[in-house]
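Me: I have a model open and would like to check a few of its labels against their definitions. Could you go through them with me?

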Amino acid sequence: MNKPIIALGLVLVFEGVLYALLPGGMKSVMRSALETPDQTLRVAGLIAAALGVFLVWIIRG
């Protein structure tokens, strides 16, 4: 049960570092996301999720 919590913690660390180091860049990314069609965001999210699952699958063997 602690591995999903560790994974969530790592996600928060990476996101927090991005916001801390590049606040202007993150605002720009958010503006861009608001202007991007829902379908494009959905496809990008599915691709990112699939890549994440694949990466975990490769690492875990």
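Reply: Gladly! This is a predicted model, where local features need pLDDT of at least 70, side-chain atom pairs count only at pLDDT 80 or more, and totals for chains, interfaces and linings use all residues. Residues are numbered from 1 along each chain as its sequence is written, and side-chain values use heavy atoms, with hydrogens and water left out.

Me: Why is H1 called roughly perpendicular to H2?

Reply: The axes of H1 (residues 2–21) and H2 (residues 23–35) come within 5 Å and cross at roughly 110 degrees. Angles of 65 to 115 degrees count as roughly perpendicular, so H1 is roughly perpendicular to H2.

Me: What makes the contact of H1 with H2 nonpolar?

Reply: Contact means heavy atoms within 4.5 Å. Leu18, Tyr19, Ala20 and Leu21 in H1 meet Pro23, Met26 and Met30 in H2. Ala, Val, Leu, Ile, Met, Phe, Trp, Tyr, Cys and Pro count as nonpolar, Asp, Glu, Lys and Arg as charged, and the others, Gly among them, as polar. By those classes the contact has seven nonpolar, no polar and no charged residues.

Me: How do you know that the span of H3 agrees with its number of residues?

Reply: The expected span is 1.5 Å times one less than the number of residues. For the 23 residues of H3 (residues 38–60) that gives 33 Å, and the end C-alpha atoms are 33 Å apart, so the two agree. After H3 comes Gly61, with a positive phi near 80 degrees.

Me: Which residues of H1 meet H2?

Reply: On the H1 side, they are Leu18, Tyr19, Ala20 and Leu21.

Conventions
Helix = DSSP H or I, 4+ residues; strand = E, 2+ residues; numbered from the N terminus. Axes fitted to C-alpha atoms, helices over the stretch in contact; angles between N-to-C directions. Parallel < 35°, antiparallel > 145°, perpendicular 65-115°, else oblique.
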